[in-house]
Amino acid sequence: MIGALLAGVVFMNVAVLRLNIRLDRLGRDRAGLRADNAQLASQLSSAQAAARIQALARKELGVQPALAQETTYIRLKP
Amino acid sequence: MASRLANRRIRLLLAVLALAFAITFGRAFWLQVVRAPRLERLAAQQHHETITTPAGRGTIYDRMGAPLAIGEEATTVYADPKQVRNAQRVAVEAGSALDIDPDKIYPQLLNKKQSFVYVQRKADPQRAAALEHRGLAGLDFYPEERRSYPQHTVASQVLGYAGIDNTGIAGLELGLERYLAGKPGKETIVRDPFGRTIDVVSSTPEQPGRDVFLTLDHTLQAKVESVLRETLTKWHAAGGTAVVLDPRTGGVLAMASAPGFDANDFAHVPSSLERNRAVTDTYEPGSTFKVVTYAAALTDHVVTPNTTFTLAPSIHVADRTISDAEPRPTETMSVAEMLARSSNVGTITLAELLGKKRLGAWISRFGFGKTTGIDFPGESPGIALPVDKWSGSTIGNVPIGQGIAVTAVQMASAYAALANRGVWLQPHLVDHVRGRRPARVEHRRIVSPAIARVLMDMLQGVVSAEGTGGEAAVPGYLVAGKTGTAAKPDPHGGYSDTNYVASFVGIVPASAPRAVILVSIDEPRGQIFGGLVAAPAFRDIARFALQYMDVPPDDPASLKSAGAAPLG
């Protein structure tokens, strides 16, 4: 009986230890993912910078900014 | 005989065992009772560790949700010279992995008196990880946040920058420190011999900084900066400032100073480039200031827009003779024509009718001589002399924007008040802080809606064939605005013959204002007039802004026939 109880206590302690180690690893993973997320957000912001897109569109696609007179506005009735 | 010998041996064994037990017991008592507190502390030091968990700095977003300043993870590499076995090898390997000069680290690694030296702060995390894998004794690593400005030059003077310790040093990074900086947390953990956390004894979680959302629009901001750069290049100017305000809210849509800089590289930039000149620097506004005199004269019923005056080519005030920018004979002009043609003589005539006390009160009412309260650190109040310190000739200077210094944001917000039916709104850069209510925007009425409408009509006359601001016209849209050309004060107390500030402040569309745009160009060469130097820059910004903000034209037909030049 006492042996079984002692074995149970040991088993419990080992389980808690393993969970703590796993928690530590998950904490590190979370920190890593947050860091990746921030880096990706930063890269996205750089990529969507208007000046960069305009320069690329001109250079690689030959796109020109729209002329003001080529924009059509439609007045919709309510 | 044999049994006595056996007994003696047993007794000896017992004595040895008893002694051994006594020694063991004594040692156990020594360790468990006498030395227990100290050993407990030593064990705790070896296995327990209290670590500070840094709080991430809040992100600064523009009004479209694009991050303009964001925290990225970096790795700080440090060394304990006492633990370094081969300093030369560590220096060479760290140098090659982190792309730093090994000769600079090597002497520090040799200094065994120190137990902590930085190898590189906020190194690239991938490079640092590669170095960590080499397992060099004496090197250690910890994560730190590095502030990054992903759009580089965009709004750099407005954003400012955070330093190596991740605290704001300039601009909004400094002004919003209390929101952006979080509170670091603390954690006491127990580690196993492999360095893995096996228990958390106590934990105070970190509180990350709050995200801040600005009123700036990064696309419009980039366009304004681009137009300023082109204008500076075209006129070989020393500098330029532009402000775009939403007159309905007081929100700053764009605020730029040129030349600019990349906020990621702030350490290598002269401080003169870092100033947000639209808020911190003053200039003599010249004719853009005349609108104050006209607003005063109209509101105080001194004149109406149709009141006519016969104006001599010049006017004498105390010891000064002032004439219009373009020589002309004696002419009869209405008040509206006087503003459209930016007549100095006409404006001073109105000011003399008003008197210095009333004019001084109106200057204060428009907010000149005091800060606007914009949420940016280091705002200048400008310089507006109190009326009791005016000299005899001041009434000939101030009404035409000389002898008074203003900031670009003061001037833009004064025009925004006219665009907002006479109600002045406090200009602001911060829309809201995440988790907090938007700040209340201060407002006050400056002129009645009727007077604001009259002034808007008169300012449309400036942007006409007869006015000084024809170059500011935007095809398809009604534009109201005012040109300004001001000689800069020279160090000898007079005014320079060569150095001018050319400016234009405009409101588009004048029919239902969506943007107030101020452009000020410092020391242009070749031309000096606001109508020729700053007005085209205003036009380019306005045309882009109107199309970008989907503002329908007042007169689509004129848009089609104008054959407007491409946007870009």
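Of the 568 residues in chain B of this predicted model, 46% are buried. The chain contains 20 helices and 22 strands. Its radius of gyration is 35 Å, well over the 24 Å that the globule rule gives for a chain of 568 residues, so chain B is more spread out than a compact globule. Along the principal axes, the C-alpha trace of chain B spans about 155 × 50 × 45 Å. Among contacts in chain B between residues at least 6 apart in sequence, 71% link residues that are at least 24 apart.

Chain B touches chain A through a contact that takes 33 residues from chain B and 23 residues from chain A. On the chain B side, two or more residues each come from strand 3 (67-79), strand 9 (197-204), helix 9 (218-235), helix 19 (530-548) and helix 20 (556-562). Strand 3 of chain B gives the most to this side, with five residues. Sorted by class, the side of chain B that touches chain A has 16 nonpolar, 11 polar and six charged residues.

Within chain B, helix 12 packs against two other helices, helix 14 and helix 18. The axes of helix 12 (residues 290-299) and helix 14 (residues 344-354) of chain B come within 10 Å and cross at roughly 45 degrees. This angle makes helix 12 of chain B oblique to helix 14 of chain B, and the crossing is left-handed. Helix 12 of chain B contributes B:Lys290, B:Thr293, B:Tyr294, B:Ala296 and B:Ala297 to the contact, while helix 14 of chain B contributes B:Thr347, B:Leu350, B:Ala351, B:Leu353 and B:Leu354. By class, seven nonpolar, two polar and one charged residues make up the contact of helix 12 with helix 14 of chain B.

Helix 18 (residues 449-462) of chain B packs with helix 12 of chain B at an angle of about 135 degrees, and the two axes are 10 Å apart. Helix 12 and helix 18 of chain B are therefore oblique to each other, and their crossing is right-handed. Here B:Val291, B:Tyr294, B:Ala295, B:Leu298 and B:Thr299 of helix 12 of chain B meet B:Ile451, B:Val454, B:Leu455 and B:Met458 of helix 18 of chain B. This contact has eight nonpolar, one polar and no charged residues. B:Tyr294 takes part in the contact with helix 14 of chain B and in that with helix 18 of chain B.

Several loop residues of chain B were also examined. B:Thr153 lies in the loop between strand 5 (139-148) and helix 6 (156-159) of chain B. B:Thr153 is buried, because 23 other C-beta atoms lie within 10 Å. Apart from its neighbours within four places in sequence, B:Thr153 is in contact with B:Glu225, B:Gly260, B:Phe261 and B:Asp262.

Most residues other than glycine have a negative phi, and most peptide bonds are trans. The peptide bond from B:Ala258 to B:Pro259 is cis, with omega near 0 degrees. B:Pro259 is placed in the loop between strand 12 (252-258) and helix 10 (271-274) of chain B. B:Asp99, in the loop between helix 3 (87-98) and helix 4 (102-110) of chain B, has a positive phi near 60 degrees. B:Asp99 counts as exposed, with 11 C-beta neighbours inside 10 Å. B:His236 has a positive phi of about 50 degrees and is found in the loop between helix 9 and strand 11 (239-245) of chain B. B:His236 is exposed, with 10 other C-beta atoms within 10 Å.

Terms used. Residues are numbered from 1 along each chain as its sequence is written. Chains are lettered from A and ligands numbered from 1 in the order in which they are written. This is a predicted model: local features need pLDDT of at least 70, side-chain atom pairs count only at pLDDT 80 or more; totals for chains, interfaces and linings use all residues. Axes are lines fitted to C-alpha atoms, for helices over the stretch in contact, and angles run from 0 to 180 degrees between N-to-C directions. Helices (H or I, at least four residues) and strands (E, at least two) are DSSP runs, numbered from the N terminus. Angles under 35 degrees count as roughly parallel, over 145 as roughly antiparallel, 65 to 115 as roughly perpendicular and the rest as oblique. A crossing is left-handed if the near helix is turned anticlockwise from the far one by less than a right angle, and right-handed if clockwise. Two residues are in contact if their C-beta atoms, placed from the backbone, lie within 7 Å. Ala, Val, Leu, Ile, Met, Phe, Trp, Tyr, Cys and Pro count as nonpolar, Asp, Glu, Lys and Arg as charged, and the others, Gly among them, as polar. The radius of gyration is taken over C-alpha atoms; the globule rule is 2.2 Å times the number of residues to the power 0.38. A residue is buried if 20 or more other C-beta atoms lie within 10 Å of its own, exposed if 12 or fewer, and partly exposed in between; C-beta atoms are placed from the backbone.
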